[in-house]
Amino acid sequence: MMSKKWIYSLDELGQEHADLVGRKCANLGEMTKLGMRVPPGFAISVDGFEKYMRETGLGKRIEAYFAALGEDLKKSIQKQMEASAAAKQMMAETPLPASIADHIERSYEALCAGCSATGLPVAVRSSGAVSMPGQMETYLHVRGSAEVTRRVREVWESTFNTRAISFRLEKGMQVDKAPIGIAVIRMVNAKSAGVVLTVIPTTGDVDHAVIEGNWGLGESVVSGEITPDNFIIHKASLAIEKKVSKKTRWVVSTANGTAKADVPVDLQDMPCLEDDEIRELARIALHVEKHFGVPQDMEWVVDKDLPFPESVIWVQARAAKFTAKPKEADTDYITDQMARLFRR
Amino acid sequence: MTNVLQHDAMRLVPAVPGFEFDAPVDLEISPAWFLDATHSVPPWTPLFGWFWINFCRHGMQYGAEKLSLPTTKGWDWRFKNGGGYLTVLLVKSEEERRQREERFRVAIRPFVANYDELWRSQLDEMLGLYEGLKKLDLDKASNIELLDNFEQTINVCRRMWEVHMYMMYGTYTAYILFENMCRELLQIDDSHPLFHALITGFDNKVLQVDKRIWEFSQKAAKLGLAGVVLHSEPNELAAKIEAAPNGPGFMAEFREFLNEDGWRMQRMSEMNLPTWIEDPAPPLTNLKQFLVKGGGFNLEEERAKIGKRREEAEKEVLAKIAPEQRGWFTTLLRLAQKSGVFSEEHDHYLDLYTHALMRRSAMGIGRRFASAGAIDSADDIFFVIPEEIRKAALNPDLFNLRPTVASRRAEWQEWCKEPNPPVILKEGFDMDQAIGMLVKSSDPIALKVVVGSMPVVRAELKADLYGTCGSPGVAEGMARVILSEDQLADVQPGEILVAATTSPSWTPVFSLIKGVVVDRGASLSHAAIVGREYGIPVLLNVFVGSQQIKTGQRIRVDANLGALYVLDK
């Protein structure tokens, strides 16, 4: 029997493939389709994980282990920690079958070749088919095919992190397995990063878009720890209104992940984006908003090593969730006035 | 002939069993029944009438009930000679009104607190249902599957009307409140140019489709197809383009666009004419009109201007609102702005789309019945009602529906000869009282779509006709009187459109014309919304415009003053 495909290039994927490769990968695929630049890479599908579990017999063993624990698991966090350790131990003792490891290594090498690099640094990111916020591992700056394969197995292993087990129990999901895919994408060497919203979230104003950004990686902007630069773009004219803040802290890549650090003094008062970059971000964001018909919330990075406009890279796009929620008191007043309309 | 007469004598099953207008009984239920002239002139085919009367009626009562509107329980509908007649079901006692008001406060809240999410979720549900219906290959399906698809289509239509009217009642309630607040705080109402400036300048799906057709017109010109397009009649456009060099590729791309966005009818509320997917003549005619007119897509050119004017209007208005009131006022303003977008988009995503799928399913059965010999041709199916379709669906070879089709078709042809009366009143009840009844219902849809505001005759203006302002501006030009969709191809660039009413299938001509005059309409009717987006004047509620104005006359429309002048009497 022909074995089923379980590694995909991003341009083969779209929104509809969340069950196949997880939401992160599906989202990257969809962005590719919309003509947005995303970091080059490939996706390992949910089936890839299942193939490993099936071919090694690990799936059956872990299933049996959890079945034996039964209902007790729900009640005790101690038991959940033990189960986590046991399941991870079983996985650590079970190497990838050669055919699986081979396929991952070949895909990584093809990615390197496509980027004309050897030992290209990549990010190995978990991509859940359902939302499992922050439960699985992500590895940055992974280099070389042996390392990539190791990290892929560790992402799979992280489905048995204690908090992932607790989460699945809490939500009434199957506990002995989790559908996750993996995105293996080139590391971006971030000059600056941040978000674009095609609506002003505080007022619901849809005539303007807002870009917020800081030097370095996007975490500092998303976490709200610093006051980022703020650029308001008038959609019709693309006129830009800038509020450049003093940016004292940033998040940078390190060999093992990321770290917070002080921004060099000469950069602190400089805008983290050039006008061309702002306009390019706005242009793409408005195009995507038009495609989906609703305001968008998108994450971007500008790569230090690439020339403009190839340097403008997207890592996330989703419908903006927080369009101006009116205040409770205003909603009360309006509904009250609405009721009065019907009194004559 | 004798056959038909025999069947008449046998008394045909009515087209909409249970809802045929029955004067003695129905005039007791309500003293005034209004013809829905927007949707049921010319008269509906029996099958379409069956769908509309059953489910538009259900949807309105569902919407009013789900929102627990304090004074209205939605509309009742009857079918009479192909016309839809409606009346408002009033809440009778003060006690009941109070109880309904309690529930209303809770039910209306999602519209205020999170309108976008509400509309998006309803839309996603409907689009999912449509995809389900489309999955079946009708010509390969078994009889069982075909009937099942038809039954599902009936359910989808019912659900569509529920969503439609729930959303419409809630949306228009917000709009009416905003208008009242503007009257109170700013002394302007919804026929005032400043009011229009506040709620205009938003993109919507219908306008996006128009723009795509304009883009195709530019592409056709680039590919050297302009000559072929300009020298072909509407019904031969597709074939002539197909035969031209570069034509097949162009048409393939155009059809791909239609497969996505062509799920719509030529006439908004009827199913006996092909959809855009089946027959691309209407959108290709729009494309041709764009080439005739030349120049850019004026919607795009207008967009920036109108958007800017709205921002200025918002600033101007907010400066007049006390700071402590700006919070709720802004929320309400945003809601009113969404009303216009909803009014246009729901036609595209709800009515037109569902009707296209009703046609698809019915024609599938029609083709099967015709090949089994139950009827002569597939489109005879529009003269058969669901009760009869069910009777014959699994074994169409055993049933002969031809006599039914013949009698119903003869009946329908009779309906088309004699216009239905605009209103049916109980003896002793007059038109003023009837309008008074609608106003008293406080029914948001009745107020904003049916009644509108009445024109004020200002003798000092010495105008020939008066109306209300649906979109501000002044225009002078040749009148073009259009009474039905099939005459739309006659519209020439720079003319002023004069009509009884307009619907989304008319939208593309708005980019050609200088102004619009309609007999009936309120500020959320199609002509007003689209006119505002295109920045052309629209005069509403002129009542006799389409009868008194003749094509070719020069007229001047001053929408700001509500006046119309015939320049070459």
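Domain bounds come from an automatic or database domain assignment.

**View 1. The two domains of chain A.** This is a predicted model. Chain A is assigned two domains: domain 1 covers 7-186, and domain 2 covers 190-319. Taken over C-alpha atoms, the centres of domain 1 and domain 2 of chain A lie 29 Å apart.

**View 2. Where domain 1 of chain A touches domain 2 of chain A.** The contact joins 9 residues of domain 1 of chain A to 14 residues of domain 2 of chain A. On the domain 1 side, α2 (23-33) and β4 (138-142) of chain A each supply at least two residues. By class, that side has 6 nonpolar, 2 polar and 1 charged residues.

**View 3. The contact between chain A and chain B.** Here 19 residues of chain A meet 28 residues of chain B. The chain A side has 9 nonpolar residues, 5 polar and 5 charged.

**View 4. An open sheet in chain B.** The sheet has 8 strands with mixed pairing. Their order is β5-β12-β11-β7-β8-β9-β10-β6 (chain B). β5 (465-466) and β6 (468-471) of chain B stand at the edges. Each has a single partner strand, so one side of each is left without a neighbour in the sheet.

**View 5. A parallel pair and a helix in chain B.** Strands β8 (residues 496-499) and β9 (residues 515-518) of chain B pair in the parallel sense, over 4 bridges. I496(B) has G515(B), in β9(B), as its bridge partner. Helix α21 (residues 526-534) of chain B packs on the sheet. Helix α21 of chain B touches β6, β9 and β10 (538-540) of chain B. The direction of helix α21 of chain B makes about 55° with that of β6(B).

Notes: Residues are numbered from 1 along each chain as its sequence is written. Chains are lettered from A and ligands numbered from 1 in the order in which they are written. This is a predicted model: local features need pLDDT of at least 70, side-chain atom pairs count only at pLDDT 80 or more; totals for chains, interfaces and linings use all residues. Two residues are in contact if their C-beta atoms, placed from the backbone, lie within 7 Å. Ala, Val, Leu, Ile, Met, Phe, Trp, Tyr, Cys and Pro count as nonpolar, Asp, Glu, Lys and Arg as charged, and the others, Gly among them, as polar. Two strands pair if DSSP finds at least two bridges between them. Axes are lines fitted to C-alpha atoms, for helices over the stretch in contact, and angles run from 0 to 180 degrees between N-to-C directions.
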